[in-house]
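This report goes through one protein model, from its overall make-up to a few local features. Please keep the sequence and the structure at hand while reading.

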Amino acid sequence: MKKYTQQKKLVKMDKSYSVVVLNSIAISLFEQDTFYSELTNAFNEYAKENNLDVEITFNLFSSSNSSSILQDYINAIDYLLGKGSKKYDLFFYDVVHTPLLSSHFIDLQKWLDEDHLNMYSQNITSSTCIYNGKWVGLPVNINYSVLYSNTELLNKYKKNIPKTWNELINTGTYIYQKEKENGNNDIIGYNGLMPETETGFKSLQEFFYSFRKTKMSKYPDYLSQESIDALKTLKEIKTKLSSDEIFKSNYGPTYSMLLFGKAIFVKFWYTSLANKVYEATTIVGNNYGVSGSSIGGYNVGINKHISESRKKLAVEALKFMTSKENQKNLLLKNVCLSGIESLYDDEEVCQVINCDLIKNIQPIAPPSLFSYDIYSFQFRELIYEYLYDNDDDDNNNNNDINNNNKNKVTAEETMEKINNISKIYSISIDPTVNIAGFIIFVIIILFIIIMFLSLIVLFIDRFKPYFDFLSRDFWILNVLGSILSISCVFTLYGEAKSYKCHINYIIISFSSTLRIIPILQKLIGNFPTNNRIFVWIRNHRYRFIFIFMTFDLGLNTILYFLSFQVIDVIIPYGKNYQTCVIDSLGSFIILLISAEKVVVLSTVILFLFLEWNLYKTLRDVKSVTYAFCMDSLIFVLLCSFCFLPISDYYAFFVIMAILNILLSLSNFICMYCIRIIWCFRRKKTASMTLRNFESAINKFNLSSKLNEENDDNDFINKNYINNNNNNNNNNNNNNNNNNNNNNNNNNNNNNNQSVYSKTSTIFSKLISYHYYTGVEINSAYTLEVPSNILSLPKQNNSFENREIR
């Protein structure tokens, strides 16, 4: 990268007394620039007279080649400020870079009195100083683009200064052709000033602005007919009055036109150096009385990283440089224009400056974009593709063989591309804007209604036996968690806002707690232990849930005060959108919330493993497992898509919405709806009951046979195990009679012992718990089953009509 290291100490003061030196950094496009020397001399003299014991010095970066120094300069100071550098106290920067540098400067509203700020808040220049409600800087100078008309040529051909673009084309074409006929081959019709730099972007912006319908109209929409007509007219001007080379020319060739009177019309910044044959007027528009001019100039901001004492001195310097007295002095010396509008009513000033011209200018502020440079580059590239590298049928009806090798891009296609990069897209429920957004919105509303209505079954006696895994209030909490989970999709609609981002994290956090914690409490309550902590959780379920809710509330409260920042996601030549980012501390809080959820989920998975064979909750545990498997898979997909570089905002929304809907439905269906299905599948018979019970016995590796008794109510307690392995199997007989036998086949004896017997390792205990079914066998080979295993809803006294859960 080319370095511009020319540094000039503009003033050297007598150091006979101790002063604080304020270091400033600025840029100038010209080697001979008197503005900063005037500014420095004036302040240092003022400081001396007022015994401020402070002086200011400038590190001035300049180069005759301005095509890359501007970007190099802004990158350099952004890098310095991003590292928290205290090397410079004051920064002078182009007005277009206010959004980019805003976070590095102090808010002047807290340091300057209201009267001082009001001098700059009366006109459009304030828009170049304020970003997100913060006064980032103040303009030390400004400039406007104007139209210079060659009165000598106009008078020669008895033409008037044009007031519209059509008049400029007609007048310019007539004079241009006449001069060519007279042998003036150096004549230039109109320069355009549209180089491949930031200046070109400003020229394009003001040209589109000049095509609005009335003076009070806003900037035309890029898809409007006004913008399309503007682009076609611009190409017509280039074709009839100029050339690609002249239109692309920068400051050097343009100054030459102004100094030597080579052009009929010249667009350039307001300056006193133009040849006397030129008369400066406002840039013309498509309609009478409508115009458009770019704002140029430099603001000054104060480094927020310096000490408070240096900030106070820097504020004094800034206050002086932007004061009405100093700005008037600069105007009288014809050094620059001022952003203080009231100065153009001063008679003394108007003797030097064309006040009527300045007051009639209709300025357009640069777009307030954080990624201004990227947007400016893409904007120029798309327009220049149409303007320079394209032969469209609108302006060239003579098609030849060479035209076939050029791109055919219409003005309408170009403006559609411009609209894409200019607009921040968002999802709408309006079906004419986003059909998918509307469909997903309707689907979510329908699912929420269904989930709410499904709670009715909890109050119907017929369904109660199928929902005894959790209490009624816990089922309500679980369903509310599913409703909250699906509701987070609503935060993706509309313009991105900081509060929406925070609400999204709150919903995700609390919905997860409501869905998972009731399950965890139930699994802990079912665990066969008298541990003090387990007993407390079993007996204080609301307090248990309250602990996790308090944890979520506390961390989300901290997150609220840290605040999310909404940034633009710029898609090269595509549709831009916005997203939320947060600083490192906020990221750490989010990580803590996520870690807590992972720990809770892991704990639930552990208990599901331990209680996998527990007979009284066998189907419940499996349904929870299915739900959690689905949740885990979808959660991984959600995280993956969040980190994938998806450039299509529309596709990103659809993917995220579908995954969030699936996450909510997987829990609702596998945990809740499945029980309603169980109720309607009343095909369980007594034989099914027997087979299920035999399965429980087989998990203890016992080969047994149930002897059915006639009395249904005593069915479990009157069944005995018949020993079918009585064919001289000495190992089994010895195991049943002798507890101290060390035979290698001792596993059968262990199965008959209680699951609570101590093992040598934690792992073996976990395995024992895993195989525990809740079915116990007494010493007389009688199978004893807890009475609640077959808590069957009674339809009548017939066993065949009983249903097992």
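## Terms and model

A residue is called buried when its relative accessible area is under 20%, exposed when that value is over 50%, and partly exposed in between. The model described here is predicted.

## Overall make-up and confidence

The protein chain contains 28 helices and 15 strands. Of its 805 residues, 48% are buried. Among contacts with a separation of 6 or more, 72% are between residues 24 or more positions apart.

The average pLDDT of the chain is 80, and 80% of the residues score at least 70. Confidence is highest in strand β9 (residues 278-281), at a mean of 96, and lowest in helix α27 (residues 747-752), at 38. Residues 1-16 have a pLDDT below 50, and this stretch has 35 contacts in the model beyond near neighbours in sequence. The pLDDT also stays under 50 over residues 699-760, where the model has 70 contacts beyond four places in sequence.

## Helix α21

Helix α21 covers residues 541-562, 22 residues in total. From first to last C-alpha it reaches 33 Å, close to the 32 Å expected at 1.5 Å a residue. Its buried residues are Phe544, Ile545, Phe548, Asp552, Leu555, Asn556 and Leu559. These residues lie on the same side of α21, because they cover an arc of only 105° around the axis.

The cover over the buried residues of α21 includes α18 (472-487), α19 (498-526), α20 (532-539) and α22 (584-610). Arg543, Phe546, Tyr560 and Phe561 are exposed, on the face turned away from the buried side. Just after the helix, Ser563 has a positive phi of about 70°.

## Aromatic pairs

There are 44 aromatic pairs in the structure. One of them joins Tyr36 and Phe92, whose ring centres are 5.7 Å apart and whose planes stand at 90°, so the pair is edge-to-face. Tyr36 belongs to helix α1 (residues 35-49) and Phe92 to strand β3 (residues 90-94), so the pair ties together parts that are 56 residues apart in sequence. Both Tyr36 and Phe92 are buried.

Tyr209 and Tyr219 form a stacked pair, at 6.1 Å centre to centre and 15° between the planes. Tyr209 is in helix α7 (residues 198-209), and Tyr219 is in the loop between α7 and α8 (225-241), so this pair ties together parts 10 residues apart in sequence. Tyr209 counts as buried because its relative accessibility is 13%. Tyr219, at 25% relative accessibility, counts as partly exposed. Both tyrosines belong to a cluster linked by ring pairs, together with Phe201, Phe208, Tyr222, Tyr372, Tyr375 and Phe379.

## Positive phi in two loops

Most residues other than glycine have a negative phi. Asn51 is not a glycine, yet its phi is positive, at about 55°. Asn51 sits in the loop between α1 and β2 (54-62). With a relative accessibility of 63%, Asn51 counts as exposed.

Leu193 also has a positive phi, near 50°. Its place is the loop between β7 (188-190) and α7. Is Leu193 buried or exposed? The relative accessible area of Leu193 is 1%, and the limit for a buried residue is under 20%. Leu193 is therefore buried.

Methods. Residues are numbered from 1 along each chain as its sequence is written. This is a predicted model: local features need pLDDT of at least 70, side-chain atom pairs count only at pLDDT 80 or more; totals for chains, interfaces and linings use all residues. Side-chain values use heavy atoms; hydrogens and water are left out. Helices (H or I, at least four residues) and strands (E, at least two) are DSSP runs, numbered from the N terminus. The expected span of a helix is 1.5 Å times one less than its number of residues. Buried means under 20% relative accessible area, exposed over 50%, partly exposed in between (1.4 Å probe, protein chains only). The arc is that of the directions from the helix axis to the C-beta atoms. Contact means heavy atoms within 4.5 Å. pLDDT is the predictor's confidence in each residue, from 0 to 100. Rings of Phe, Tyr and Trp (its six-membered ring) pair if their centres lie within 6.5 Å; planes under 30 degrees apart count as stacked, over 60 as edge-to-face and the rest as tilted.
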